[in-house]
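Subject: Structure handover and notes

Hello,

Here is the structure for you to look over. My notes on salt bridges and helix packing follow below it.

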Amino acid sequence: AETRSYYMGRAGLSAAAALGCFNAGKSGRLTLLFGAPSAVGGGYGATLWGAPDLTVDQIAERAGLSVGTFYLYFDGKADLFASLVVELTGRLRERLRVAYRSAGTAPERLERALDAYLDFVESNTKGFLYFRDAGTIETTVGRLSTWAFAQHGDDLRPVLEAGMAAGELREADAGLLAQALVGLLQHLAGFWIANRDSYTRDEVR
């Protein structure tokens with residue numbers, strides 16, 4: 001299991017939060033306090049997604065918690081919202097990894113990954129928009145969005161390298177191409193959400 005101290009520092013997050021951000025403990029705390037997530041936005045999705053402007057008192061009230069109970073699990077609002085971004089990123093990575101590891105050529109696997117990404121956006125729209133808009137939270141490694149892009153890029157790069165080696169993709173710097181594709185896909189998904197009346201999913205693909 002990965003344990004990296006990405007969230008210590010400018011976001012005001014503790015060592016305990018940093019050490020727990022990649023394990024089930026942090027996700028378990030979210031579920032314990034706010035309810036399990038669901039595809040239709042239930043659980044902590046319904047309580048928290050899209051609520052970065054709420055105070056800790058308001059968050060606790062919406063969740064039916066005391067403020068004291070909230071602070072038993074999180075150092076503050078930045079700690080909580082960083083945990084939400086980590087949770088969302090992990091759930092999306094799991095889906096994309098299935099596509100990356102499937103059989104077929106690199107272009108075929110990339111097409112499956114695109115479908116997996118759009119499926120995730122459709123079933124977790126509020127969470128996706130929260131991640132996109134909350135990625136500016138600062139940490140000791142820069143913005144949360146920088147960390148998330150690095151995670152997705154690391155997963156994607158081996159697929160691109162394999163495709164280039166097999167002559168299925170044009171030669172390029174796989175790391176740069178991975179970052180470009182991740183950024184393009186996030187922007188395109190957000191644009192699609194905002195313009196669903198004008199563009200179908202097939203047109204986006």
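Is Arg-201 buried or exposed? Arg-201 counts as buried, because its relative accessibility is 19% and the cut-off for buried is under 20%. Keep in mind that this is a predicted model.

**Arg-201 and Glu-122**

The side chain of Arg-201 meets that of Glu-122 in a salt bridge, 2.6 Å from N to O. Arg-201 sits in helix α11 (residues 201-204), while Glu-122 belongs to helix α7 (residues 106-123). The two are 79 residues apart in sequence, so the pair ties together separate parts of the chain. Glu-122 is partly exposed, at a relative accessible area of 41%. There is also a network here: salt bridges with shared partners join Arg-201, Glu-122, Asp-119 and Asp-115.

**Asp-155 and its arginines**

The model has five salt bridges by the rule used. Asp-155 takes part in one with Arg-93, where the closest N and O atoms are 2.7 Å apart. This pair links distant parts of the chain, 62 residues apart. Asp-155 is in helix α9 (residues 144-165) and Arg-93 is in helix α6 (residues 77-100).

Asp-155 also forms a salt bridge with Arg-97, with 3.6 Å between the closest N and O atoms. Arg-97 lies in α6 and Asp-155 in α9, so this pair ties together parts 58 residues apart in sequence.

How does burial look for these residues? Asp-155 is buried, with a relative accessible area of 16%. Arg-93 counts as buried too, at 8% relative accessibility. Arg-97 counts as partly exposed, at 25%.

**Packing of α6 on α7**

At what angle do the axes of α6 and α7 cross? They cross at roughly 150° and come within 8 Å. The two helices are therefore roughly antiparallel to each other, since angles over 145 degrees count that way. The crossing of α6 past α7 is right-handed.

Which residues of α6 meet α7? They are Leu-88, Arg-91, Leu-92, Arg-95, Leu-96, Ala-99 and Tyr-100. On the α7 side they meet Arg-109, Arg-112, Ala-113, Ala-116, Tyr-117, Asp-119, Phe-120 and Ser-123. The contact residues divide into nine nonpolar, five charged and one polar.

Best regards

Definitions and conventions: Residues are numbered from 1 along each chain as its sequence is written. This is a predicted model: local features need pLDDT of at least 70, side-chain atom pairs count only at pLDDT 80 or more; totals for chains, interfaces and linings use all residues. Side-chain values use heavy atoms; hydrogens and water are left out. A salt bridge is a side-chain nitrogen of Lys or Arg within 4 Å of a carboxyl oxygen of Asp or Glu. Helices (H or I, at least four residues) and strands (E, at least two) are DSSP runs, numbered from the N terminus. Buried means under 20% relative accessible area, exposed over 50%, partly exposed in between (1.4 Å probe, protein chains only). Axes are lines fitted to C-alpha atoms, for helices over the stretch in contact, and angles run from 0 to 180 degrees between N-to-C directions. Angles under 35 degrees count as roughly parallel, over 145 as roughly antiparallel, 65 to 115 as roughly perpendicular and the rest as oblique. A crossing is left-handed if the near helix is turned anticlockwise from the far one by less than a right angle, and right-handed if clockwise. Contact means heavy atoms within 4.5 Å. Ala, Val, Leu, Ile, Met, Phe, Trp, Tyr, Cys and Pro count as nonpolar, Asp, Glu, Lys and Arg as charged, and the others, Gly among them, as polar.
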